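Please look over the sequence and the structure before reading on.

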Amino acid sequence: MKQSPLLSAAELREVFGAPGSGEIHNHPRPGPLVAAQALEHRNAMRELLDAAEARGSDTMLASEQRSFEQSKQVVDMLAVYESELADSPEVRSGRAFAAAGLSHVRVGREARTYDRGAPHGYFHDLVSAQVSGDLEARGRLEQHGREINTDVEYRDLTRVDGAGGYFVPPKWLMELYAPLARAGRPTANLVTNLPLPSGTDSISIPLIATGTSTAIQTADNAAVQETDLSDSSVAAGVKTIAGQQDVAIQAIEQSPIQFDEIIFADLMADLATKVDVQVLSGSNSSNQVKGIFTATGTNAVTYTDASPTVGELYSKLADAVQQIHTGRYMAPNVIVMHPRRWAWFLAALDTSSRPLVVPYAQGPNNALGTPGAPAAEGAVGTLMGLPVVTDPSIPINGGVGTNQDQILVMRASDTLLWESPVKTRLLPDIGSGTLTLRLQVYQYIAMTAERYPKSISILSGTGLTSPVF
(Lines give C-alpha, C1' and ligand atoms only; values in the text may rest on other atoms or scores of the structure.)
Protein backbone atom coordinates (compact mmCIF):
# COMPACT_ATOMS: atom_id res chain seq x y z
CA MET A 1 0.00 0.00 0.00
CA LYS A 2 1.29 3.52 -0.86
CA GLN A 3 2.08 5.96 1.93
CA SER A 4 -0.15 9.09 2.08
CA PRO A 5 1.74 12.14 0.77
CA LEU A 6 -0.57 14.51 2.64
CA LEU A 7 -1.72 14.98 6.24
CA SER A 8 -2.29 12.69 9.18
CA ALA A 9 -5.45 12.93 11.30
CA ALA A 10 -3.60 15.02 13.90
CA GLU A 11 -2.33 17.37 11.19
CA LEU A 12 -5.85 17.75 9.84
CA ARG A 13 -7.02 18.90 13.26
CA GLU A 14 -4.18 21.44 13.31
CA VAL A 15 -5.31 22.81 9.95
CA PHE A 16 -9.11 22.67 10.27
CA GLY A 17 -9.73 23.01 14.01
CA ALA A 18 -12.33 21.02 15.90
CA PRO A 19 -14.72 18.90 13.77
CA GLY A 20 -18.13 20.45 13.26
CA SER A 21 -17.01 23.97 14.21
CA GLY A 22 -18.40 25.33 10.95
CA GLU A 23 -15.14 27.08 10.16
CA ILE A 24 -12.15 25.92 8.16
CA HIS A 25 -8.90 27.44 9.44
CA ASN A 26 -6.43 28.40 6.73
CA HIS A 27 -2.92 29.83 7.27
CA PRO A 28 -3.21 31.44 4.72
CA ARG A 29 -6.68 30.44 3.52
CA PRO A 30 -6.40 27.79 0.77
CA GLY A 31 -7.78 28.61 -2.65
CA PRO A 32 -10.55 26.73 -4.49
CA LEU A 33 -8.11 24.24 -6.08
CA VAL A 34 -6.56 23.31 -2.73
CA ALA A 35 -9.96 22.59 -1.14
CA ALA A 36 -10.95 20.51 -4.14
CA GLN A 37 -7.64 18.59 -3.99
CA ALA A 38 -8.36 17.67 -0.36
CA LEU A 39 -11.66 16.08 -1.35
CA GLU A 40 -10.08 14.32 -4.31
CA HIS A 41 -7.30 13.02 -2.09
CA ARG A 42 -9.91 11.54 0.25
CA ASN A 43 -11.53 9.70 -2.65
CA ALA A 44 -8.17 8.37 -3.88
CA MET A 45 -7.22 7.13 -0.42
CA ARG A 46 -10.57 5.42 -0.03
CA GLU A 47 -9.95 3.48 -3.26
CA LEU A 48 -6.52 2.38 -1.99
CA LEU A 49 -8.02 1.27 1.33
CA ASP A 50 -10.74 -0.68 -0.41
CA ALA A 51 -8.08 -2.47 -2.48
CA ALA A 52 -6.02 -3.21 0.66
CA GLU A 53 -9.03 -4.63 2.50
CA ALA A 54 -9.79 -6.86 -0.48
CA ARG A 55 -6.30 -8.37 -0.18
CA GLY A 56 -6.90 -9.15 3.50
CA SER A 57 -5.04 -7.90 6.54
CA ASP A 58 -3.29 -11.22 7.08
CA THR A 59 -1.23 -10.69 3.92
CA MET A 60 0.08 -7.25 5.07
CA LEU A 61 3.41 -6.66 6.66
CA ALA A 62 3.45 -4.94 10.06
CA SER A 63 4.57 -1.63 8.48
CA GLU A 64 1.81 -1.85 5.88
CA GLN A 65 -0.72 -2.59 8.61
CA ARG A 66 0.32 0.61 10.49
CA SER A 67 0.11 2.66 7.30
CA PHE A 68 -3.31 1.15 6.60
CA GLU A 69 -4.65 2.22 10.00
CA GLN A 70 -3.20 5.74 9.67
CA SER A 71 -4.67 6.20 6.22
CA LYS A 72 -8.03 4.96 7.43
CA GLN A 73 -7.98 7.61 10.18
CA VAL A 74 -7.27 10.28 7.54
CA VAL A 75 -10.18 9.13 5.41
CA ASP A 76 -12.51 9.09 8.42
CA MET A 77 -11.35 12.55 9.45
CA LEU A 78 -11.89 13.94 5.93
CA ALA A 79 -15.38 12.47 5.99
CA VAL A 80 -16.07 14.46 9.17
CA TYR A 81 -14.88 17.67 7.47
CA GLU A 82 -16.49 16.87 4.12
CA SER A 83 -19.57 19.06 4.63
CA GLU A 84 -17.47 22.04 5.74
CA LEU A 85 -15.05 21.61 2.83
CA ALA A 86 -17.81 21.14 0.29
CA ASP A 87 -19.65 24.25 1.56
CA SER A 88 -16.58 26.45 1.91
CA PRO A 89 -16.47 29.74 -0.05
CA GLU A 90 -13.43 28.43 -1.92
CA VAL A 91 -15.18 25.31 -3.21
CA ARG A 92 -18.40 27.22 -3.92
CA SER A 93 -16.51 29.77 -6.01
CA GLY A 94 -14.85 26.91 -7.86
CA ARG A 95 -18.22 25.38 -8.62
CA ALA A 96 -19.60 28.72 -9.82
CA PHE A 97 -16.75 29.18 -12.25
CA ALA A 98 -17.04 25.60 -13.43
CA ALA A 99 -20.79 26.04 -14.03
CA ALA A 100 -20.06 29.15 -16.09
CA GLY A 101 -17.46 27.30 -18.11
CA LEU A 102 -14.68 29.49 -16.78
CA SER A 103 -11.26 28.56 -15.56
CA HIS A 104 -9.33 29.86 -12.56
CA VAL A 105 -6.24 30.11 -14.72
CA ARG A 106 -5.42 33.52 -16.11
CA VAL A 107 -4.51 33.58 -19.76
CA GLY A 108 -0.87 34.40 -20.23
CA ARG A 109 0.24 33.93 -16.60
CA GLU A 110 2.73 31.55 -15.08
CA ALA A 111 1.53 28.43 -13.26
CA ARG A 112 0.57 29.10 -9.67
CA THR A 113 2.33 27.44 -6.78
CA TYR A 114 -0.45 25.00 -5.91
CA ASP A 115 -2.07 24.43 -9.31
CA ARG A 116 -3.25 20.92 -10.08
CA GLY A 117 -0.26 18.72 -10.80
CA ALA A 118 2.14 20.94 -8.83
CA PRO A 119 4.99 18.98 -7.16
CA HIS A 120 4.13 20.35 -3.69
CA GLY A 121 0.82 20.26 -1.82
CA TYR A 122 -0.56 23.19 0.17
CA PHE A 123 -1.36 21.18 3.32
CA HIS A 124 1.95 19.36 3.25
CA ASP A 125 3.87 22.65 2.98
CA LEU A 126 1.73 24.14 5.74
CA VAL A 127 2.69 21.40 8.19
CA SER A 128 6.32 21.42 7.05
CA ALA A 129 6.57 25.16 7.61
CA GLN A 130 4.83 25.15 11.00
CA VAL A 131 6.22 21.95 12.50
CA SER A 132 9.57 21.45 10.80
CA GLY A 133 10.44 25.07 10.05
CA ASP A 134 10.96 24.25 6.36
CA LEU A 135 12.02 27.58 4.82
CA GLU A 136 11.33 26.44 1.26
CA ALA A 137 7.79 25.41 2.23
CA ARG A 138 7.29 28.76 3.98
CA GLY A 139 8.45 30.54 0.83
CA ARG A 140 5.94 28.63 -1.29
CA LEU A 141 3.16 29.49 1.18
CA GLU A 142 4.07 33.18 1.04
CA GLN A 143 4.10 33.06 -2.75
CA HIS A 144 0.69 31.40 -2.67
CA GLY A 145 -0.63 34.20 -0.44
CA ARG A 146 0.57 36.82 -2.91
CA GLU A 147 -1.05 34.95 -5.78
CA ILE A 148 -4.39 34.79 -3.97
CA ASN A 149 -4.34 38.48 -2.95
CA THR A 150 -2.96 40.08 -6.09
CA ASP A 151 -2.78 37.69 -9.00
CA VAL A 152 -6.33 36.37 -9.18
CA GLU A 153 -8.22 38.64 -11.56
CA TYR A 154 -11.31 37.56 -13.42
CA ARG A 155 -12.42 40.96 -14.73
CA ASP A 156 -11.22 44.52 -14.25
CA LEU A 157 -14.00 46.91 -13.21
CA THR A 158 -13.73 50.69 -13.01
CA ARG A 159 -15.93 53.63 -12.04
CA VAL A 160 -16.72 54.28 -15.70
CA ASP A 161 -20.44 53.95 -16.47
CA GLY A 162 -21.00 50.63 -18.18
CA ALA A 163 -17.91 49.04 -16.61
CA GLY A 164 -19.07 49.06 -13.01
CA GLY A 165 -19.58 52.81 -12.67
CA TYR A 166 -23.36 52.63 -12.33
CA PHE A 167 -22.82 50.96 -8.96
CA VAL A 168 -20.85 54.00 -7.74
CA PRO A 169 -23.46 56.78 -8.08
CA PRO A 170 -22.69 60.44 -7.42
CA LYS A 171 -23.70 61.86 -4.06
CA TRP A 172 -25.57 65.12 -4.57
CA LEU A 173 -25.12 67.36 -1.52
CA MET A 174 -28.23 69.40 -2.18
CA GLU A 175 -27.99 71.26 1.12
CA LEU A 176 -24.61 72.67 0.01
CA TYR A 177 -25.81 74.06 -3.32
CA ALA A 178 -23.94 77.17 -4.46
CA PRO A 179 -26.14 80.24 -4.94
CA LEU A 180 -25.20 82.56 -7.79
CA ALA A 181 -22.77 85.24 -6.61
CA ARG A 182 -24.42 88.66 -6.41
CA ALA A 183 -22.96 92.11 -5.77
CA GLY A 184 -25.34 92.88 -2.91
CA ARG A 185 -26.36 96.41 -1.91
CA PRO A 186 -23.43 98.09 -0.10
CA THR A 187 -24.32 101.68 -1.02
CA ALA A 188 -28.08 101.19 -0.59
CA ASN A 189 -27.36 100.02 2.96
CA LEU A 190 -25.31 103.16 3.70
CA VAL A 191 -27.99 105.73 2.92
CA THR A 192 -30.97 106.45 5.16
CA ASN A 193 -33.53 103.66 4.66
CA LEU A 194 -37.18 104.57 5.21
CA PRO A 195 -40.47 102.67 4.75
CA LEU A 196 -42.27 103.66 1.58
CA PRO A 197 -45.64 105.33 2.26
CA SER A 198 -48.61 103.58 0.72
CA GLY A 199 -51.17 105.14 -1.60
CA THR A 200 -48.84 107.30 -3.67
CA ASP A 201 -46.64 107.19 -6.75
CA SER A 202 -44.44 110.15 -5.84
CA ILE A 203 -42.84 111.61 -2.75
CA SER A 204 -42.12 115.34 -2.47
CA ILE A 205 -39.90 116.98 0.13
CA PRO A 206 -40.00 120.78 0.69
CA LEU A 207 -36.67 122.59 0.77
CA ILE A 208 -35.60 126.00 1.97
CA ALA A 209 -33.94 127.52 -1.07
CA THR A 210 -32.84 130.77 0.53
CA GLY A 211 -33.11 131.38 4.21
CA THR A 212 -33.67 134.16 6.62
CA SER A 213 -30.78 136.22 7.91
CA THR A 214 -29.60 138.14 10.92
CA ALA A 215 -27.32 141.14 11.29
CA ILE A 216 -25.85 143.47 13.88
CA GLN A 217 -28.33 146.17 14.81
CA THR A 218 -26.68 149.39 13.81
CA ALA A 219 -28.09 151.37 16.73
CA ASP A 220 -30.79 151.35 19.30
CA ASN A 221 -34.18 151.49 17.70
CA ALA A 222 -32.54 150.88 14.30
CA ALA A 223 -34.09 148.50 11.79
CA VAL A 224 -33.62 144.80 12.43
CA GLN A 225 -32.37 142.67 9.57
CA GLU A 226 -35.22 140.95 7.73
CA THR A 227 -34.76 138.58 4.82
CA ASP A 228 -37.64 136.50 3.52
CA LEU A 229 -36.88 132.88 2.92
CA SER A 230 -37.80 131.11 -0.28
CA ASP A 231 -38.69 127.50 -0.62
CA SER A 232 -38.55 124.76 -3.16
CA SER A 233 -39.06 121.01 -3.22
CA VAL A 234 -37.49 117.82 -4.39
CA ALA A 235 -39.55 114.95 -5.76
CA ALA A 236 -38.88 111.23 -5.79
CA GLY A 237 -40.98 109.05 -8.05
CA VAL A 238 -42.05 105.60 -6.89
CA LYS A 239 -40.66 102.90 -9.17
CA THR A 240 -41.16 99.16 -9.36
CA ILE A 241 -38.46 96.50 -9.44
CA ALA A 242 -39.76 93.02 -10.27
CA GLY A 243 -38.71 89.62 -11.53
CA GLN A 244 -40.25 86.24 -12.16
CA GLN A 245 -39.44 82.63 -13.05
CA ASP A 246 -41.74 80.12 -14.72
CA VAL A 247 -41.07 76.56 -13.60
CA ALA A 248 -42.69 73.19 -14.25
CA ILE A 249 -44.80 72.01 -11.35
CA GLN A 250 -42.94 68.69 -11.52
CA ALA A 251 -39.66 70.45 -10.68
CA ILE A 252 -41.29 71.81 -7.53
CA GLU A 253 -43.11 68.68 -6.41
CA GLN A 254 -40.50 66.07 -7.33
CA SER A 255 -37.36 67.88 -6.17
CA PRO A 256 -35.84 66.40 -2.98
CA ILE A 257 -35.34 69.95 -1.66
CA GLN A 258 -37.51 73.09 -1.55
CA PHE A 259 -36.66 74.20 -5.09
CA ASP A 260 -39.17 77.07 -4.96
CA GLU A 261 -37.27 78.54 -2.00
CA ILE A 262 -34.03 78.43 -3.98
CA ILE A 263 -35.66 80.26 -6.90
CA PHE A 264 -37.20 82.89 -4.63
CA ALA A 265 -33.88 83.39 -2.81
CA ASP A 266 -32.10 84.00 -6.11
CA LEU A 267 -34.77 86.42 -7.31
CA MET A 268 -34.54 88.38 -4.07
CA ALA A 269 -30.75 88.46 -4.17
CA ASP A 270 -30.87 89.95 -7.65
CA LEU A 271 -33.53 92.41 -6.58
CA ALA A 272 -31.25 93.64 -3.77
CA THR A 273 -28.45 94.22 -6.28
CA LYS A 274 -30.79 96.06 -8.66
CA VAL A 275 -31.88 98.38 -5.83
CA ASP A 276 -28.21 99.19 -5.24
CA VAL A 277 -27.70 99.91 -8.95
CA GLN A 278 -30.65 102.31 -8.89
CA VAL A 279 -29.30 104.12 -5.83
CA LEU A 280 -25.98 104.61 -7.61
CA SER A 281 -26.90 105.03 -11.26
CA GLY A 282 -30.68 105.41 -11.68
CA SER A 283 -31.21 107.49 -14.81
CA ASN A 284 -34.35 109.39 -13.68
CA SER A 285 -36.25 108.06 -16.68
CA SER A 286 -39.91 107.16 -16.49
CA ASN A 287 -39.11 103.79 -14.93
CA GLN A 288 -35.97 104.57 -12.91
CA VAL A 289 -35.17 106.63 -9.86
CA LYS A 290 -32.67 109.48 -9.88
CA GLY A 291 -29.47 107.96 -8.54
CA ILE A 292 -26.44 109.54 -6.90
CA PHE A 293 -24.38 109.84 -10.09
CA THR A 294 -27.37 111.45 -11.86
CA ALA A 295 -28.26 113.92 -9.11
CA THR A 296 -27.79 117.63 -9.81
CA GLY A 297 -25.85 119.97 -7.57
CA THR A 298 -23.26 117.48 -6.31
CA ASN A 299 -19.57 118.34 -5.97
CA ALA A 300 -17.45 117.31 -8.96
CA VAL A 301 -13.75 116.58 -8.52
CA THR A 302 -11.71 115.67 -11.60
CA TYR A 303 -8.44 113.77 -11.56
CA THR A 304 -6.74 113.96 -14.96
CA ASP A 305 -3.54 111.95 -15.28
CA ALA A 306 -2.09 109.72 -18.00
CA SER A 307 0.13 108.00 -15.41
CA PRO A 308 -1.97 108.05 -12.23
CA THR A 309 -0.50 107.35 -8.82
CA VAL A 310 -2.08 106.83 -5.43
CA GLY A 311 -0.13 109.78 -4.03
CA GLU A 312 -1.58 112.18 -6.62
CA LEU A 313 -5.10 110.79 -6.21
CA TYR A 314 -4.83 111.26 -2.45
CA SER A 315 -4.83 115.05 -2.79
CA LYS A 316 -7.98 114.83 -4.94
CA LEU A 317 -9.68 112.85 -2.19
CA ALA A 318 -8.78 115.63 0.21
CA ASP A 319 -10.44 118.08 -2.16
CA ALA A 320 -13.58 115.91 -2.25
CA VAL A 321 -13.69 115.88 1.55
CA GLN A 322 -13.23 119.64 1.95
CA GLN A 323 -15.95 120.43 -0.59
CA ILE A 324 -18.47 118.61 1.58
CA HIS A 325 -17.26 120.46 4.64
CA THR A 326 -17.50 123.73 2.69
CA GLY A 327 -20.86 123.21 0.96
CA ARG A 328 -22.74 121.08 3.51
CA TYR A 329 -21.03 122.51 6.59
CA MET A 330 -20.85 119.01 7.98
CA ALA A 331 -18.35 116.20 7.60
CA PRO A 332 -18.62 113.27 5.21
CA ASN A 333 -18.86 109.84 6.83
CA VAL A 334 -17.84 107.34 4.13
CA ILE A 335 -15.84 106.80 0.95
CA VAL A 336 -17.29 104.37 -1.61
CA MET A 337 -15.22 102.95 -4.46
CA HIS A 338 -15.06 99.95 -6.75
CA PRO A 339 -13.10 96.94 -5.40
CA ARG A 340 -10.50 97.33 -8.15
CA ARG A 341 -9.77 100.89 -7.01
CA TRP A 342 -9.30 99.84 -3.39
CA ALA A 343 -6.98 97.05 -4.52
CA TRP A 344 -4.97 99.69 -6.39
CA PHE A 345 -4.58 101.60 -3.12
CA LEU A 346 -3.47 98.43 -1.34
CA ALA A 347 -0.90 97.67 -4.04
CA ALA A 348 0.72 101.12 -3.94
CA LEU A 349 4.29 101.34 -2.57
CA ASP A 350 6.45 104.24 -1.56
CA THR A 351 9.98 104.84 -2.89
CA SER A 352 11.31 102.30 -0.38
CA SER A 353 8.85 99.61 -1.59
CA ARG A 354 6.74 99.90 1.56
CA PRO A 355 2.92 99.80 1.26
CA LEU A 356 1.21 103.16 1.47
CA VAL A 357 -1.91 101.59 2.98
CA VAL A 358 -0.36 99.88 5.97
CA PRO A 359 -2.04 97.00 7.85
CA TYR A 360 -2.97 97.66 11.47
CA ALA A 361 -0.80 94.70 12.47
CA GLN A 362 2.27 96.68 11.42
CA GLY A 363 1.50 99.50 13.88
CA PRO A 364 1.24 102.12 11.10
CA ASN A 365 2.78 105.51 11.70
CA ASN A 366 1.92 108.37 9.37
CA ALA A 367 0.25 105.92 6.97
CA LEU A 368 -1.77 107.13 3.98
CA GLY A 369 -4.50 104.68 4.94
CA THR A 370 -5.13 101.43 6.74
CA PRO A 371 -6.96 98.33 5.50
CA GLY A 372 -9.49 96.42 7.54
CA ALA A 373 -10.89 92.93 7.21
CA PRO A 374 -12.34 92.30 3.72
CA ALA A 375 -16.10 92.76 3.70
CA ALA A 376 -18.71 92.27 0.98
CA GLU A 377 -21.09 94.93 2.32
CA GLY A 378 -19.06 96.77 4.95
CA ALA A 379 -15.95 98.82 5.56
CA VAL A 380 -12.71 97.35 4.20
CA GLY A 381 -10.36 99.99 5.59
CA THR A 382 -9.91 103.71 6.14
CA LEU A 383 -8.64 106.71 4.19
CA MET A 384 -8.37 110.18 5.72
CA GLY A 385 -10.04 108.82 8.82
CA LEU A 386 -13.14 107.78 6.84
CA PRO A 387 -14.30 104.18 6.41
CA VAL A 388 -13.90 102.80 2.88
CA VAL A 389 -16.71 100.65 1.49
CA THR A 390 -16.30 98.80 -1.80
CA ASP A 391 -19.23 98.35 -4.17
CA PRO A 392 -18.92 96.23 -7.34
CA SER A 393 -21.98 97.99 -8.80
CA ILE A 394 -20.06 101.24 -9.32
CA PRO A 395 -19.73 101.54 -13.12
CA ILE A 396 -16.28 100.93 -14.59
CA ASN A 397 -17.12 101.93 -18.18
CA GLY A 398 -17.08 105.71 -17.83
CA GLY A 399 -15.12 108.31 -19.77
CA VAL A 400 -14.13 108.50 -23.42
CA GLY A 401 -12.27 105.22 -23.18
CA THR A 402 -15.20 103.53 -21.37
CA ASN A 403 -12.74 102.24 -18.77
CA GLN A 404 -13.05 104.69 -15.89
CA ASP A 405 -14.62 104.18 -12.48
CA GLN A 406 -15.66 106.82 -9.94
CA ILE A 407 -15.16 107.42 -6.23
CA LEU A 408 -17.88 108.71 -3.94
CA VAL A 409 -17.14 110.75 -0.84
CA MET A 410 -20.43 111.39 0.91
CA ARG A 411 -22.42 112.08 3.99
CA ALA A 412 -24.58 109.04 3.30
CA SER A 413 -27.28 109.85 5.84
CA ASP A 414 -28.38 112.83 3.74
CA THR A 415 -29.48 110.53 0.89
CA LEU A 416 -32.93 109.00 1.41
CA LEU A 417 -34.17 105.65 0.13
CA TRP A 418 -37.77 104.56 0.60
CA GLU A 419 -38.60 100.87 0.15
CA SER A 420 -41.76 98.82 0.40
CA PRO A 421 -41.57 95.27 1.76
CA VAL A 422 -40.50 92.76 -0.88
CA LYS A 423 -43.57 90.89 -2.06
CA THR A 424 -43.56 87.33 -3.40
CA ARG A 425 -46.27 85.61 -5.40
CA LEU A 426 -46.88 82.06 -6.62
CA LEU A 427 -49.22 82.13 -9.62
CA PRO A 428 -50.52 78.69 -10.63
CA ASP A 429 -53.26 79.83 -13.04
CA ILE A 430 -51.11 81.53 -15.70
CA GLY A 431 -49.52 78.28 -16.89
CA SER A 432 -52.18 75.87 -15.70
CA GLY A 433 -52.64 74.48 -19.19
CA THR A 434 -49.04 73.22 -19.16
CA LEU A 435 -48.63 72.57 -15.43
CA THR A 436 -46.40 75.62 -15.16
CA LEU A 437 -46.04 77.77 -12.05
CA ARG A 438 -44.90 81.40 -12.03
CA LEU A 439 -42.77 82.57 -9.12
CA GLN A 440 -42.67 86.35 -8.84
CA VAL A 441 -41.08 89.02 -6.62
CA TYR A 442 -41.49 92.79 -6.72
CA GLN A 443 -40.81 95.91 -4.67
CA TYR A 444 -41.55 99.63 -4.83
CA ILE A 445 -38.73 102.10 -4.22
CA ALA A 446 -38.16 105.85 -4.29
CA MET A 447 -35.03 107.85 -3.53
CA THR A 448 -33.42 111.25 -3.62
CA ALA A 449 -29.84 112.41 -3.28
CA GLU A 450 -30.83 116.06 -3.88
CA ARG A 451 -32.06 116.92 -0.41
CA TYR A 452 -28.46 117.95 0.35
CA PRO A 453 -26.56 117.45 -2.93
CA LYS A 454 -23.50 119.19 -1.52
CA SER A 455 -23.06 116.28 0.87
CA ILE A 456 -21.81 114.22 -2.10
CA SER A 457 -18.49 114.58 -3.93
CA ILE A 458 -17.98 112.53 -7.11
CA LEU A 459 -14.36 112.01 -8.12
CA SER A 460 -13.83 111.03 -11.77
CA GLY A 461 -11.40 111.49 -14.67
CA THR A 462 -8.69 109.81 -16.72
CA GLY A 463 -6.71 109.11 -13.56
CA LEU A 464 -9.31 106.48 -12.68
CA THR A 465 -8.86 104.23 -15.72
CA SER A 466 -8.38 100.48 -15.24
CA PRO A 467 -5.57 100.12 -12.70
CA VAL A 468 -2.42 98.19 -13.49
CA PHE A 469 -1.03 95.90 -10.79
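**A surface patch, then the whole chain**

V168 counts as partly exposed because its relative accessibility is 47%. V168 sits in the loop that runs between α6 (135-151) and α7 (186-190). Together with Y166 and F167, V168 forms a nonpolar patch on the surface, and the three have about 430 Å² of accessible area together. The model is predicted.

**Overall make-up**

- The protein chain has 11 helices and 14 strands.
- Of its 469 residues, 37% are buried.
- The accessible surface of the chain comes to about 26700 Å². Carbon and sulfur atoms hold 54% of that surface.
- Take the contacts in the chain with a separation of 6 or more: 71% of them are between residues 24 or more positions apart.

**Confidence**

- Mean pLDDT for the protein chain is 81. A value of 70 or more is reached by 70% of the residues.
- Residues 1-7 stay under 50 in pLDDT. For this stretch the model has 22 contacts beyond four places in sequence.
- Residues 96-108 are also below 50 in pLDDT. Beyond near neighbours in sequence, that stretch has 11 contacts in the model.

**Salt bridges around D270**

- A search of the whole structure finds 11 salt bridges.
- One of them joins the side chains of D270 and R182, at 2.9 Å from N to O. This pair links distant parts of the chain, 88 residues apart: D270 is in helix α9, and R182 is in the loop between α6 and α7.
- D270 also forms a salt bridge with K274, with the closest N and O atoms 3.0 Å apart. Both residues lie in helix α9, 4 residues apart, which is about one turn of the helix.
- How accessible are the partners? D270 is partly exposed because its relative accessibility is 23%. R182 is partly exposed too, because its relative accessible area is 33%. K274 is at 36% relative accessibility, so K274 counts as partly exposed.

**A buried salt bridge and the network**

- D405 forms a salt bridge with R340, and their closest N and O atoms are 2.7 Å apart.
- This pair also links distant parts of the chain: D405 is in the loop between β9 and β10, while R340 is in helix α11, 65 residues apart.
- Both D405 and R340 are buried.
- Elsewhere, salt bridges that share partners join R182, D266, D270 and K274 into one network.

- Q404 is placed in the loop between β9 (386-390) and β10 (407-410).
- Buried or exposed? Q404 is buried, because its relative accessible area is 12%.
- Which residues does Q404 contact, leaving aside neighbours within four places in sequence? They are R340, P395, I396, N397, G398, G399, G461, T462, L464 and T465.

**Strand β10 and its pairings**

- I407 and V409 point one way from β10, and L408 and M410 point the other way. All four are buried.
- Strand β6 (residues 334-337) runs antiparallel to β10, and 3 bridges join them. I335 has V409 in β10 as its bridge partner.
- Strand β14 (residues 456-460) also pairs with β10 in the antiparallel sense, over 4 bridges. The bridge partner of I407 in β14 is L459.

**Positive phi in loops**

- N284 is not a glycine, yet its phi is positive, near 65°. N284 is found in the loop between α9 (259-281) and β5 (299-302). N284 counts as partly exposed because its relative accessibility is 43%.
- S353 has a positive phi of about 60°, and it is not a glycine either. S353 lies in the loop between α11 (339-347) and β7 (369-371). S353 is exposed, because its relative accessible area is 55%.

Notes:
Residues are numbered from 1 along each chain as its sequence is written. This is a predicted model: local features need pLDDT of at least 70, side-chain atom pairs count only at pLDDT 80 or more; totals for chains, interfaces and linings use all residues. Side-chain values use heavy atoms; hydrogens and water are left out. Patches are made of residues with over 30% relative accessible area and no salt bridge: like charges are joined within 9 Å, nonpolar side chains (Val, Leu, Ile, Met, Phe, Trp, Tyr) within 5 Å. Accessible areas come from the Shrake-Rupley method with a 1.4 Å probe; for residues, only the protein chains shown count as cover. A salt bridge is a side-chain nitrogen of Lys or Arg within 4 Å of a carboxyl oxygen of Asp or Glu. Helices (H or I, at least four residues) and strands (E, at least two) are DSSP runs, numbered from the N terminus. Buried means under 20% relative accessible area, exposed over 50%, partly exposed in between (1.4 Å probe, protein chains only). Contact means heavy atoms within 4.5 Å. pLDDT is the predictor's confidence in each residue, from 0 to 100. Two strands pair if DSSP finds at least two bridges between them.
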